[in-house]
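This report describes selected helices of one model and the packing between two of them. The sequence and structure come first.

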Amino acid sequence: MLPTKTDLIYYLIVVGIGVGSTQQMATNTRLASYMGSALISAFGNFFVGLLTIFTVYLVLTFSQRLDHRNSNPEIAMMSPPPPKIERVYWPYCAGFIGSLFVAGTIFGAIAIGIALSFAVAVAGQLLSATVIDHTGFLRSPRRPLNRFRVAGVLIACAGCSLSVAERVKDGDIGMVVGFSALVFGCGLILPVQTCVARNLAMRRCQGNSVLATTWSFLVGTLCLGTASGVYSAIVLTGSSPPTLWDVYNAPGWAYTGGLFG
């Protein structure tokens, strides 16, 4: 069965997201070189992302209210009611999981490079997402395994292994394997974060994905802000922590990682 035009549009969107993920890793790594800390760079990433998604949420909310005022009352009454808000709070940890992914991939990209980090992270994401699809983890739609999905996972893992092996020949084995394992673990938790964020949207935000994303960025920003403060107070004691001049001196594009996120 050939894909429809709608399917092709979604495929292009996913390709764009993949390109954006690469740019996010590159800009975050560059920002870390100015800040002198991967944690502070991740905090800057989430803070910019929070401002961006909150602005989008305000614009969409305002436009929806205008449409509601201008709409026909009879048609508005016929629209289905929004989902009920459930009394569950664990979905808010989506932002915490996302902060772990961003911080971990920055550490990995600094140590082993962007290309290898991205390849390892993608392999972890594909493996985790395939398991989640097959099991229907956290109310996600079930998509049973088939030979094509298994082949795709095996090819991705084989490519990842070859990339690591090639890099091991030119560098320290312990460092390359250790940071590759870190980034692979970050890749494994990212699909879990997506499932948790989906539950946040459906069970706490009445199906509003933009509001759920805003909450995720807020929680992630608070987590990384706290971690950066502790890191600056303990690890950077006696050294020169990042100053406002460092923040100002970094190029503007280095802060666009939050936009891609």
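Asn28 lies in helix H1 (residues 5-35); helices here are DSSP runs of H or I with at least four residues, numbered from the N terminus. The model is predicted, so local features need pLDDT of at least 70 and side-chain atom pairs count only at pLDDT 80 or more, while totals for chains, interfaces and linings use all residues. Residues are numbered from 1 along each chain as its sequence is written, and side-chain values use heavy atoms, with hydrogens and water left out.

Asn28 has a relative accessible area of 2% and is therefore buried (under 20%, with a 1.4 Å probe and protein chains only). Its C-alpha atom is 9.7 Å from that of Ile110, 82 residues away along the chain.

In helix H4 (residues 94-112), 14 of the 19 residues are buried, so the rest of the structure largely encloses H4. Gly113 follows H4 and has a positive phi, near 100 degrees.

The helices that pack against each other are H5 and H7.

| Pair | Angle | Axis separation |
|---|---|---|
| H5 (residues 114-135) and H7 (residues 173-203) | about 40 degrees | 7 Å |

Axes are lines fitted to C-alpha atoms over the stretch in contact, and angles run from 0 to 180 degrees between N-to-C directions. Contact means heavy atoms within 4.5 Å; the residues making it include Leu116 and Val120 of H5 and Val176 and Phe184 of H7.

Conventions
Buried means under 20% relative accessible area, exposed over 50%, partly exposed in between (1.4 Å probe, protein chains only). Helices (H or I, at least four residues) and strands (E, at least two) are DSSP runs, numbered from the N terminus.
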